[in-house]
Amino acid sequence: MLLKKNIPLKYIFGKIKYEIALVAIYTLVIVILHDRFNLKHMAIPLSVPMIMGTVLSLLLAFRSNQAYDRWWEARTIWGAIVNDSRSFSRQVLSFIDDAAYDSEEINHFRERMVRRQIAWCYALGQSLRGLDGKDGLDRLISKREVAHAAKYANVPMALLELHARDLKYALKQGWLNEFQQVTLDQTLSRLCDAMGKCERIKNTVFPATYSLYIHFAMNFFILLLPFALIEYFGLIEVPLVVAIAAAFLLIEKMAIHLQDPFDNKPTDTPMTTISRNIERDLKQMLNDHHLPETVANTDHQFYVM
Amino acid sequence: MLLKKNIPLKYIFGKIKYEIALVAIYTLVIVILHDRFNLKHMAIPLSVPMIMGTVLSLLLAFRSNQAYDRWWEARTIWGAIVNDSRSFSRQVLSFIDDAAYDSEEINHFRERMVRRQIAWCYALGQSLRGLDGKDGLDRLISKREVAHAAKYANVPMALLELHARDLKYALKQGWLNEFQQVTLDQTLSRLCDAMGKCERIKNTVFPATYSLYIHFAMNFFILLLPFALIEYFGLIEVPLVVAIAAAFLLIEKMAIHLQDPFDNKPTDTPMTTISRNIERDLKQMLNDHHLPETVANTDHQFYVM
Amino acid sequence: MLLKKNIPLKYIFGKIKYEIALVAIYTLVIVILHDRFNLKHMAIPLSVPMIMGTVLSLLLAFRSNQAYDRWWEARTIWGAIVNDSRSFSRQVLSFIDDAAYDSEEINHFRERMVRRQIAWCYALGQSLRGLDGKDGLDRLISKREVAHAAKYANVPMALLELHARDLKYALKQGWLNEFQQVTLDQTLSRLCDAMGKCERIKNTVFPATYSLYIHFAMNFFILLLPFALIEYFGLIEVPLVVAIAAAFLLIEKMAIHLQDPFDNKPTDTPMTTISRNIERDLKQMLNDHHLPETVANTDHQFYVM
Amino acid sequence: MLLKKNIPLKYIFGKIKYEIALVAIYTLVIVILHDRFNLKHMAIPLSVPMIMGTVLSLLLAFRSNQAYDRWWEARTIWGAIVNDSRSFSRQVLSFIDDAAYDSEEINHFRERMVRRQIAWCYALGQSLRGLDGKDGLDRLISKREVAHAAKYANVPMALLELHARDLKYALKQGWLNEFQQVTLDQTLSRLCDAMGKCERIKNTVFPATYSLYIHFAMNFFILLLPFALIEYFGLIEVPLVVAIAAAFLLIEKMAIHLQDPFDNKPTDTPMTTISRNIERDLKQMLNDHHLPETVANTDHQFYVM
Amino acid sequence: MLLKKNIPLKYIFGKIKYEIALVAIYTLVIVILHDRFNLKHMAIPLSVPMIMGTVLSLLLAFRSNQAYDRWWEARTIWGAIVNDSRSFSRQVLSFIDDAAYDSEEINHFRERMVRRQIAWCYALGQSLRGLDGKDGLDRLISKREVAHAAKYANVPMALLELHARDLKYALKQGWLNEFQQVTLDQTLSRLCDAMGKCERIKNTVFPATYSLYIHFAMNFFILLLPFALIEYFGLIEVPLVVAIAAAFLLIEKMAIHLQDPFDNKPTDTPMTTISRNIERDLKQMLNDHHLPETVANTDHQFYVM
């Protein structure tokens, strides 16, 4: 699903170019002031930024860990959506007895369930990105169902409810036995769980005071840095300070990018790509080998995470 | 659910203003003593606070991790409450056969179950905040049920018991089959688990000896700091010590705030907001698009975590 | 459940008072030797304890983590016992049909099950503390059942077996249907799991070679410390060394206390308090609002963890 | 399964030989420049690489952890595939009643199911390695089934679907009861989950910006190193810098190798070996003690991870 | 289960005595060379081993963590085996209706199942230790069953299959209902999972390149150490270097010992002791209070982990 292309250097350093420019100018000013006016007492011992550097490193490691965990949990949830979508379709196709009843009606019923499951995946992806969950669903489900979903604040939940109604109908018609209905409903509960977990990650921001505080501590550390190195070098201090500052700035940026995996950024969870793969797999179960073109693809295929 | 507004700097530093003032005065006194009386032997080598700084950083990282885990677990449990409330309602609506029996009675029964589930969420949130769990439930459940719940120390548990009684009644009436009753009961068990997990986090304080010890070690470290820097600077030492001290003090404060996610603080789990969203979703399943106004909102919407 | 009272400083430092006295005397001797005989070559560079300090800090962080995890797992298991006890009682009360049969007999049967579940919690708590699991059970279960349990090495397991026998009886009488028996048995399996997990934590000591080794490394580090600081200070070295040593000694002590959560120490899991809460909740389900007095309370309410 | 042979030193250092050569030449050039032209001002204080070394160490520890977790998760998933394959076969053999019906037909049916399960393991392993999943399956399943699988993009999913169809057939024939069909289907769902989890690990690259950034920071650190050591040594600096650089380079390489556990490298998950063990165990259940020779073995048995 | 006796110091340092002797001689040689020939330029700055010490500490912490996790997972799996063995026996005894049928036959059947479960635990423990899984089983199961198991490469799996066959027989006889058979089969699946997880830990070596690399880096660090300290001390350098080296060497040894929890070492998982406890508990359920003597005990009771 994800592409392993090389990321241009420009892209990476583009994220911190303003910060780097500021640090460079700031260091330059201090170096010049120091050389011109011979302000020896401006220097501070290197141990001071070293103490702060240790704390800061641990905080950034903590932050990176939590951000990575959020990103990986988001990816794992979408992996579970793939699995449960496949299991749901397999169960719909293999539980419902197609011999004893009107085969035409049952075939149509099964196809409707499977196609609605595909629609559910797209709808969830779009809702999480803050777009209209109903967009483009009409090629997969009937107009009546789209209209029904429109009445709900939460479109994917409306589709799950339609699933549940159809299962009740199938039980009543005798197409499913009682165990099978309950088993299929448990698959629906798992899908409902996955949906809720995505919403939880989407709606819970990383503790803002933490990120703000780490941000301050890092900036303070960078402000101190030129004073600690001023004794040793002349103008060569500028690239040194810039390099160390860039290291810290980049780690923070990476964490910020990973921590919101549904925010429509290049490092996003590739929900549209995953949904398309689900569509391909589920349609093949229905003997339908037609796939829509990738026009509506909103994933950024250029950059990967 | 959570707002990503900016947190004013004043708010963050307001939490540690007294500590910072103390540190500033303390450092000032030492600097003046040193300058006045020329007490060279007061200085200690920087390596001493550096050793302590490393231990302290690891302890604070450990503390931050555990506090974050408690906060995130609390959030995950409430995410599971959202999921199980939705699943419970979906099951109540789709399991109970509404065609073969008196439709009016069944409709009323199903609505009662769903509304009681909404009430359960509000009641749990209020109990965890140490408020009266029965407050405001009368707009969702009948007076007789509120009176029944009042006899219990644990209001949400009383509501789960009423759920279970209704399921027994529905099984006896033949509205549910045996598998469906057991499946719904398993959903109740999951809700019961979520409730117990919240109580566990609420009632288990972070090991007090640990937090006390970290607090002491940090204060001792801050007390040493001015002596270690005294050789190098004059009055400029004061802001330097204050800055390093503020870094450590803030991390501790953040951990203390995160570690009690049900303590009615701004960094709290937004239980009322989550309950309102559950109310909206569940009522839409009942075709009820009326929502109470946000008068009773006890979440602090100004600050986010 | 747990009280958040302040822990007196005396309590904390009381744990390491002998170690601290030893360190003080030892440092004093070295300082005096150094001053008297002017042994310059006794000094070692500060970098040596710094290298060891980093390794030691990481090892202590590792140790603290594992100890905390054991303590938190113990607490989580007892949280699960609360949840499963409630679910078990709810299921017993709501699964058994009380209308179609002799109500008196069924009422008595249900009450026996619920009271035995309460007894199970107390029995497990006492077994884990190494006390007699049968103590005080006669106020909750019949003499015949106590006598039966006495034949087993593992009292809580005997009670689970009696639960299972009663379920078999209820199935035979037709009070439970086949599906409900299996569901109740799954709740018993969860209780059986919780019991086994507690035994696992109780019986598996933290790898003894690890703790021994960390202990040695720490003592060696403390022995080196005075030599590293000897160049800089005179008598003021004593409180400095004591303070750094106290920091490391306390972290180790805390870890030792947390790592055995069933060892009858103040930092113990509050099993009696939890069991009493279970008794209150389960008896309220039976409309019994009588609670035994807290005479038998073996939890230490003064100190909290 | 895995061999614990010694890995030749040559193999390990072979991975970083070009990098090491470059570092050696680079350091040599700097030493010569410094000695020839007496450029004192080229030296930088050792504290600068020490600050970077701490950050870098934490980043590499973070990276190693995530890579190890991916590798261990992959191994755990294949462990679950072993377990579920055994459980599936045990259920197929013990659920289906072989006395009441035409024994010949049932025996054939059961054997077909078990052999297809073996085929599924091989097919999954080959798909994950990017090879044709259908290769070599004809010795385990019929030509008709191979042809059916060929129509799917995902061969293992096609085999699971055939499993599900056979279960439907067995339910209809009365060979399985309703409860047993659902239980077997749950085992299929677990296999489907395992398949999806493998695909998730395979398809989700480690956040590329992170690895790129760590790579840059490390190279920058290595470039600085000779300047920091230049004051102290002459030519002996070259092996020192090479040794420190080799340490960092090797950790990065190890992480890169572990993080993609399905990439046909020596440190790969040994999927073919595991599949062969599954074949041996499952065939013994069928009283078939014949095993294919290890011609098709694509695991590298020389190196182990 | 595990004994908390003191471990003799001799045992701990016995593990690294050769390494320590080598380090001592090596340091001595360098000190003498330095003193004799006055080779000032041999010294290197302490910062160099400090940078390596930080990386090394993090790597060893990483290694210790993974080793501890493997050890603790092994212990947790055997805890689950205890739980599931008890649940299995409880289910066998309470599910099978003993009144309606020939009580003698059913009693014998139930006893056979429970005794086979005990045999399964011993067989698994011996297989994991690389011994013959069938040893000593004849006192628990019939000769015919031992002979059957002998045909399998995996003895415990053969016993699980015999369990499953007996369940099929009991279902056919009407001793179990359909739900009970499936529930018992799920317990078998859990036992099958536990067996597979043990095999996974046993068969998956810790990534060999990692351990090899950490080993090299550590040795290189120890080789550098005497040069870094040579300026400061004379002969007193030898015990200092030995002490620091011993610290690092011991951590590595501990990790190596913990990481293979089924390798017949003193720090092993105490599988025989656990199996004997299972035997005691399960036999008490059968009213059999006879236990075999501890002749066959292959656990080392002297040392504990």
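B:Arg90 and A:Asp185 join their side chains in a salt bridge, 3.4 Å from N to O. The term covers a side-chain nitrogen of Lys or Arg within 4 Å of a carboxyl oxygen of Asp or Glu. By that rule, 2 salt bridges cross the interface of chain B and chain A. The model is predicted: local features need pLDDT of at least 70, side-chain atom pairs count only at pLDDT 80 or more, and totals for chains, interfaces and linings use all residues. Residues are numbered from 1 along each chain as its sequence is written, chains are lettered from A and ligands numbered from 1 in the order in which they are written, and side-chain values use heavy atoms, with hydrogens and water left out.

**Chain B against chain A**

The rule also finds 10 residue pairs in polar contact across the interface of chain B and chain A, both residues at pLDDT 80 or more. A polar contact is a pair of N or O atoms within 3.5 Å; within protein, one must be able to donate a hydrogen and the other to accept it, and residues adjacent in sequence count only if both atoms are side-chain atoms. On the side of chain B that touches chain A, the elements giving two or more residues are α1 (9–14), α3 (47–95), α7 (178–203), α8 (208–229), α9 (237–259) and α10 (271–285) of chain B. Helices (H or I, at least four residues) and strands (E, at least two) are DSSP runs, numbered from the N terminus. The largest share of this side comes from α3(B), with 21 residues. By class, the side of chain B that touches chain A holds 38 nonpolar, 14 polar and 10 charged residues. Ala, Val, Leu, Ile, Met, Phe, Trp, Tyr, Cys and Pro count as nonpolar, Asp, Glu, Lys and Arg as charged, and the others, Gly among them, as polar.

**Chain D against chain A**

A:Arg90 meets D:Asp185 in a salt bridge between side chains, at 3.4 Å from N to O. The count between chain D and chain A is 2 salt bridges. It is 10 for residue pairs in polar contact, both at pLDDT 80 or more. Four helices of chain D each supply at least two residues of the side that touches chain A: α3 (47–95), α6 (155–173), α7 (178–203) and α8 (208–229). α7(D) gives the most to that side, with 17 residues. The side of chain D that touches chain A has 33 nonpolar, 11 polar and 14 charged residues.

The table sets out both interfaces. Contact means heavy atoms within 4.5 Å. Buried area is the accessible area (1.4 Å probe) that two parts lose on being put together, summed over both.

| Interface | Residues in contact | Buried area and carbon and sulfur share |
|---|---|---|
| Chain B and chain A | 62 residues of chain B, 57 residues of chain A | about 5400 Å², 69% |
| Chain D and chain A | 58 residues of chain D, 62 residues of chain A | about 5400 Å², 69% |

D:Ile51, D:Thr209 and D:Tyr213 supply 12% of the area that chain D buries against chain A, more than any other three residues.

**Inside chain A**

Chain A has 10 helices and 0 strands. Buried residues make up 63% of its 305 residues. Buried means under 20% relative accessible area, exposed over 50%, and partly exposed in between (1.4 Å probe, protein chains only). Among contacts in chain A between residues at least 6 apart in sequence, 77% join residues at least 24 apart.

Helix α7 (residues 178–203) of chain A has 26 residues. At 1.5 Å a residue, counted for one less than the number of residues, α7(A) should span 38 Å; its end C-alpha atoms are 37 Å apart, which agrees. α7(A) is mostly covered, with 20 of its 26 residues buried. A:Asn177 caps the N-terminal end of α7(A), where a side-chain oxygen lies 3.1 Å from the backbone nitrogen of A:Phe179.

A:Arg115 sits in helix α4 (residues 103–128) of chain A. A:Arg115 counts as buried, at 19% relative accessibility. Leaving out residues up to four places away in sequence, A:Arg115 touches A:Arg139, A:Leu140, A:Ile141, A:Lys283, A:Leu286 and A:Asp288.

**Positive phi**

Most residues other than glycine have a negative phi. A:Asn287 has a positive phi, near 65 degrees, and is not a glycine. A:Asn287 lies in the segment after α10 (271–285) of chain A. A:Asn287 is exposed, with a relative accessible area of 57%. C:Asn287 has a positive phi of about 65 degrees. C:Asn287 is found in the segment after α10 (271–285) of chain C. The relative accessible area of C:Asn287 is 57%, so C:Asn287 is exposed.
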